[in-house]
Amino acid sequence: MKIVPTDIAGCFLIIPDIRRDERGSFVKVFHEDIFREHGLATDYAEEYYSASHRNVVRGLHFQTPPHDHAKLVYCVQGSVMDAALDLRRGSPTYGHNLMLELSAGNGHMLYLPRGLAHGFCTPKEPAMMVYKVTATYAPAHDSGLAWDSAGIDWPVQDPIMSARDRQFGALADFDTPFVFDGGQP
């Protein structure tokens with residue numbers, strides 16, 4: 001397993017060793033000692049998955065303090081273009097975003113520390129994403145930003161979205177409750 005820093009402080013691309021043979025493949029997605037060695041969260045409170053049709057955008061989502069969480073995401077079917085946005089006041093990468101491909105084929109994962117918004121789109125095919133988070137879902141602290149307000153170069157123009165995601169406000173109008181803590185979990 002390789003832990004590779006991204007352009008956003010504290011956000012990492014995780015590249016697992018994929019064991020392939022005539023049966024298919026085997027992928028280890030979590031190793032407590034390796035995660036701890038790199039300062040990544042190891043205390044996941046919930047895990048869930050989403051299935052999305054082609055041309056879907058989900059996000060940009062986050063939970064506000066005190067229910068904010070670190071998140072580990074990966075794709076187990078199809079492929080997505082995954083996006084992260086730094087919302088941490090004082091971060092050297094505040095307001096920066098990144099986008100990378102996560103797919104069942106490449107096995108890549110993205111680790112997002114507290115204070116990052118997350119979203120993804122399915123431009124080519126249906127996909128299934130898995131999420132591990134360090135805090136349980138808290139509806140009163142669940143929030144998001146408009147998908148097209150942060151300068152993210154989405155590969156879809158007219159996405160299928162939930163009514164909830166369509167009503168989120170713009171990044172320019174967002175008063176962040178997040179504070180940069182060095183990018184730790």
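Tutor: Let us begin with the largest pocket, which is lined by 28 residues, with Tyr-48, Arg-58, His-61, Tyr-131 and Arg-164 lying nearest its centre. This is a predicted model, in which local features need pLDDT of at least 70 and side-chain atom pairs count only at pLDDT 80 or more, while totals for chains, interfaces and linings use all residues. Residues are numbered from 1 along each chain as its sequence is written, and side-chain values use heavy atoms, with hydrogens and water left out.

Student: What is a pocket, and what is a cavity?

Tutor: Lining residues have an atom within 4 Å of a point. Grid points are joined across faces, edges and corners, and a volume is the space filled by probe spheres set on the points. Here the largest pocket holds about 460 Å³ of space.

Student: Which elements give two or more residues to the lining of the largest pocket?

Tutor: Helices (H or I, at least four residues) and strands (E, at least two) are DSSP runs, numbered from the N terminus. The elements in question are strand E5 (46-52), E6, E11, strand E12 (127-133) and helix H2 (163-166). E5 gives the most, with six residues.

Student: How do the residues of that lining divide by class?

Tutor: In this scheme Ala, Val, Leu, Ile, Met, Phe, Trp, Tyr, Cys and Pro count as nonpolar, Asp, Glu, Lys and Arg as charged, and the others, Gly among them, as polar. The lining of the largest pocket has 13 nonpolar, nine polar and six charged residues.

Student: Which residues line the second largest pocket?

Tutor: That pocket, with about 150 Å³ of space, has a lining that includes Ser-25, Val-27, Tyr-74, Cys-75, Val-76 and Met-109. Strand E4 (24-27) and E7 are the elements that give two or more residues to this lining, and E7 gives the most, with three. By class there are seven nonpolar, four polar and no charged residues.

Student: How many cavities of 30 Å³ or more are there?

Tutor: The count comes to one, and the largest cavity has a volume of about 80 Å³. Its lining has 13 residues, and those nearest the centre are Phe-62, His-69, Lys-71, Pro-113 and Leu-116. Strand E6 (57-63) and strand E11 (116-121) each supply at least two residues of this lining, and E6 gives the most, with three. The classes are six nonpolar, five polar and two charged.

Student: Lys-71 is among those residues. Is Lys-71 buried or exposed?

Tutor: Buried means under 20% relative accessible area, exposed over 50%, and partly exposed in between (1.4 Å probe, protein chains only). Lys-71, found in strand E7 (residues 71-77), is buried yet has no salt bridge. A salt bridge is a side-chain nitrogen of Lys or Arg within 4 Å of a carboxyl oxygen of Asp or Glu. The nearest side chain of opposite charge to Lys-71 is Asp-142, 7.7 Å away; Lys and Arg count as positive and Asp and Glu as negative, while His and the chain ends are not counted. Leaving aside residues up to four places away in sequence, Lys-71 touches several residues, including His-61, Leu-110 and Tyr-131; contact means heavy atoms within 4.5 Å.

Student: How many salt bridges does a search of the whole structure find?

Tutor: Side chains of opposite charge can pair when their charged atoms come close. The search finds eight salt bridges. One of them joins Asp-68 and Arg-114 (3.7 Å, N to O), and this pair links distant parts of the chain, 46 residues apart. Asp-68 is buried, at 13% relative accessible area, whereas Arg-114 is partly exposed, at 27%.

Student: Where do Asp-175 and Arg-89 lie?

Tutor: These two side chains meet in a salt bridge (3.3 Å, N to O). Asp-175 lies in the segment after H2 and Arg-89 in the loop between strand E8 (79-86) and strand E9 (97-103), so the pair ties together parts that are 86 residues apart in sequence. Asp-175 is exposed, with 64% relative accessible area, and Arg-89 is partly exposed, at 42%.

Student: Which residues are linked in a network of salt bridges?

Tutor: The network links Asp-142, Arg-164 and Asp-165. Within the pair of Asp-165 and Arg-164, the closest N and O atoms are 3.5 Å apart. Asp-165 is buried, at 3% relative accessible area, and Arg-164 is partly exposed, at 33%.

Conventions:
1 Å grid on protein atoms, 1.4 Å probe; cavity = no way out; pocket = protein on both sides within 12 Å on 5 of 7 lines; lining within 4 Å.
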